[in-house]
Amino acid sequence: MTDLHEWLTGRVAEAETAADTPAAARRCEADRRILDRHRLDLDDPYEPSCLGCGTYGDLESPNTDNINDCPELLDLAHAHGITDAILAGLDRPEPPPLSPVKPYNEALADALDRLRSTTPARQAPATFRPAPTRGVGIPITGALTKQRFNPWR
Ligand SMILES: [Zn+2]
């Protein structure tokens with residue numbers, strides 16, 4: 001399987017072998033840096049996205065969903081003589097298959113098992129326990145603090 005990144009890595013390796021001037025060697029090093037930045041994002045389980053192209057939005061959706069569509073790599077490939085025919089013949093990375101969904105009763109049983117195995121707050125070390133309160137969020141000891149107005153307690 002050869003995708004755009006792998007094709008470019010091969011072309012840069014050939015150019016490094018043929019580089020006979022310091023300028024040509026620097027160009028190859030620059031190409032390697034681009035290839036190192038714009039590579040498959042292994043932390044994205046949903047899409048074969050480009051790490052170097054970054055993300056957008058609160059959900060950190062990738063700017064480039066498929067590494068073969070990375071504009072930086074496509075420009076670099078143009079410099080290395082890619083043609084439409086070569087590009088069309090490259091493999092296009094696909095997202096990994098989704099894991100099968102558990103039936104509801106199994107998922108519920110797993111959730112209950114996890115809940116039963118947790119440590120209750122009263123058994124946690126004192127530093128992790130909420131301050132003791134009387135009524136609704138009023139601390140028993142010490143001066144009134146912001147905890148009194150915390151709606152999550
Ligand atoms: Zn990219």
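Colleague: Which residues make up the largest nonpolar core?

Modeller: It has 11 residues: Leu4, Trp7, Leu8, Val12, Cys50, Cys53, Ile67, Cys70, Leu73, Leu76 and Ala77. Helix 1 and helix 3 are the elements that give two or more residues to this core, and helix 1 gives the most, with 4 residues. Bear in mind that this is a predicted model: local features need pLDDT of at least 70, side-chain atom pairs count only at pLDDT 80 or more, and totals for chains, interfaces and linings use all residues. Residues are numbered from 1 along each chain as its sequence is written.

Colleague: Why is that set called a nonpolar core?

Modeller: Because the term covers buried Ala, Val, Leu, Ile, Met, Phe, Trp, Tyr and Cys residues joined through C-beta atoms within 7 Å. Buried here means 20 or more other C-beta atoms within 10 Å of the residue's own; 12 or fewer makes it exposed, anything in between is partly exposed, and the C-beta atoms are placed from the backbone.

Colleague: What makes residues 4–18 a helix, and how does the reach compare with the expected one?

Modeller: A helix is a DSSP run of H or I with at least four residues, a strand is an E run of at least two, and both are numbered from the N terminus. Helix 1 has 15 residues, and its reach of 21 Å from first C-alpha to last is close to the 21 Å expected. That expectation is 1.5 Å times one less than the number of residues.

Colleague: Which residues of helix 1 are buried, and how do you know where they sit around the axis?

Modeller: Leu4, His5, Trp7, Leu8 and Val12 are the buried ones. They cover an arc of only 155 degrees, so they lie on the same side of helix 1; the arc is taken over the directions from the helix axis to the C-beta atoms. The face turned away from that buried side carries exposed Gly10, Glu14 and Thr17.

Colleague: What do the buried residues of helix 1 pack against?

Modeller: Helix 2 (22–37) and helix 3 (71–79). The axes of helix 1 and helix 3 come within 10 Å and cross at roughly 40 degrees. The contact is made by Leu4, His5 and Leu8 of helix 1 with Leu73, Leu76 and Ala77 of helix 3. Two residues count as in contact if their C-beta atoms, placed from the backbone, lie within 7 Å. The axes are lines fitted to C-alpha atoms, for helices over the stretch in contact, with angles from 0 to 180 degrees between N-to-C directions.

Colleague: And helix 3: which residues are buried, and what puts them on the same side?

Modeller: Leu73, Leu76 and Ala77 are buried. Their arc is only 100 degrees, which puts them on the same side of helix 3. On the other side, Pro71, Asp75, His78 and Ala79 are exposed.

Colleague: Why is helix 5 called hardly covered?

Modeller: Among its 13 residues, the count of buried ones is 0. As for its length, helix 5 (residues 104–116) should span 18 Å, and its end C-alpha atoms are 18 Å apart, which agrees.

Colleague: What is the phi of Glu60?

Modeller: It is positive, about 50 degrees, although Glu60 is not a glycine. Most residues other than glycine have a negative phi. Glu60 is found in the loop between strand 1 (55–56) and strand 2 (61–62).

Colleague: How do you know whether Glu60 is buried or exposed?

Modeller: It has 9 other C-beta atoms within 10 Å, so Glu60 is exposed.
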